[in-house]
Structure formats: C-alpha cells, structure tokens
Amino acid sequence: GEAFDKVGKILGLAYPGGKLMDALARQGRADARLFPRPYLDNDNLDFSFSGLKTAVINEVHNAEQKGQSVNVADMAASFQERIDQILAKKLLSAAADTGAKQVVLAGGAANGRLRQLVNDGAQKLGARVFLPELKYCGDNGAMIAAQGYYEYQDGNLADWTLNGLPTLGIDYR
C-alpha cells in the first residue's frame, strides 16, 4: 500500500493511491515500461519495493526535466504489474513450499490484477483461494483499529511496555 501511495503521489493521484492506480492500470499497458523486478527470481520469500519506487520517481523526474509528459496510465499499469507479479509469486511459492491447500489474500486484496494472479496460480497448485469481498478491502489502518476495538472489548489489553518486534520470525510462538 505504501508503495502505491508514494508512486500515486508522484503521478499526481489523490491519496490513497492504490484504488486509483488499479483503475488507471486497466487503461494502460503493463509492458510500456521496463521497471526492475526486484527479488522476483530469487528462491526466498524476501521482497522490497524501494528500488521499484525509485525507478518510477526517476523516470517521472527525468521526463519533467526534459519537458516531456509521462503516460500516467502506462506508468500505473507497469508499476502495478511488477508489484503484483512479485507478491503473487512469493505468496504462491510459500503455499507450494508448505503444501498449503488454502491461500488467503488480504490487505491489498482490492487490487484486481493481484487477485487474478493469485487466483490463477492457486488453481494451478490445487489450492483453494479466499478473497474477501471488495467492500472489506479498505484501508489496513482502519482494519487494524477495528480489530483493536474488538480486542479491547474482550479485555485483551497490554501495558505501555508493549513493543513491536519487526524481526520476529513468522513461526514465533
């Protein structure tokens, strides 16, 4: 989401950028720009979009310096395609590696191309796909706040010493 918001801002779109980028991408050509494909061809589940965001920013700034315009729909389509390819590949690789028979897409689940890639890939794996209705694919911050409300209602509270652990392994118990 942050990557879509940042690139959306560079392309002159309103915040949040994800929904607008997805709509614009449907009007553009995904092969119009050859943006980098970071981490796509490695065998682990790591990914980062910082280089991809920088590539878009540099292309827009270079065009502005030359007095040229950019095709915003093509930029949105190319950027979205790269991100969706990476996310889908990593998710489906994790499902294949673990033998998962179910795949759940949340967070960026409103992105039409991501939904398509995950659905098609999961079918090839023989895994069932769970995609939330679009009306439930809003802002992650709002979803986290809603979950916090229910945790609070159930008495699940923490004191002020609670801290995030960004390097905590996924299998932590």
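Good morning. The axes of helix H4, residues 72-98, and helix H5, residues 112-125, come within 9 Å of each other and cross at roughly 30°. Axes here are lines fitted to C-alpha atoms, for helices over the stretch in contact, with angles from 0 to 180 degrees between N-to-C directions. Helices (H or I, at least four residues) and strands (E, at least two) are DSSP runs, numbered from the N terminus.

Please note that this is a predicted model, in which local features need pLDDT of at least 70 and side-chain atom pairs count only at pLDDT 80 or more, while totals for chains, interfaces and linings use all residues. Residues are numbered from 1 along each chain as its sequence is written, and side-chain values use heavy atoms, leaving out hydrogens and water.

H4 and H5 are therefore roughly parallel to each other, a term for angles under 35 degrees. Residues of H4, including Leu87, Leu91 and Ala95, meet residues of H5, among them Leu114, Leu117 and Val118; contact means heavy atoms within 4.5 Å.

I turn now to single residues. Ile86 lies in helix H4. Is Ile86 buried or exposed? Ile86 counts as buried because its relative accessibility is 0%; buried means under 20% relative accessible area, exposed over 50%, and partly exposed in between, with a 1.4 Å probe and protein chains only. Ala127, in the loop between H5 and strand S2 (128-130), is also buried, with a relative accessible area of 9%. Not counting residues up to four places away in sequence, Ala127 touches Ala100, Lys101, Gln102, Val103 and Ala122.

Terms used. Angles under 35 degrees count as roughly parallel, over 145 as roughly antiparallel, 65 to 115 as roughly perpendicular and the rest as oblique.
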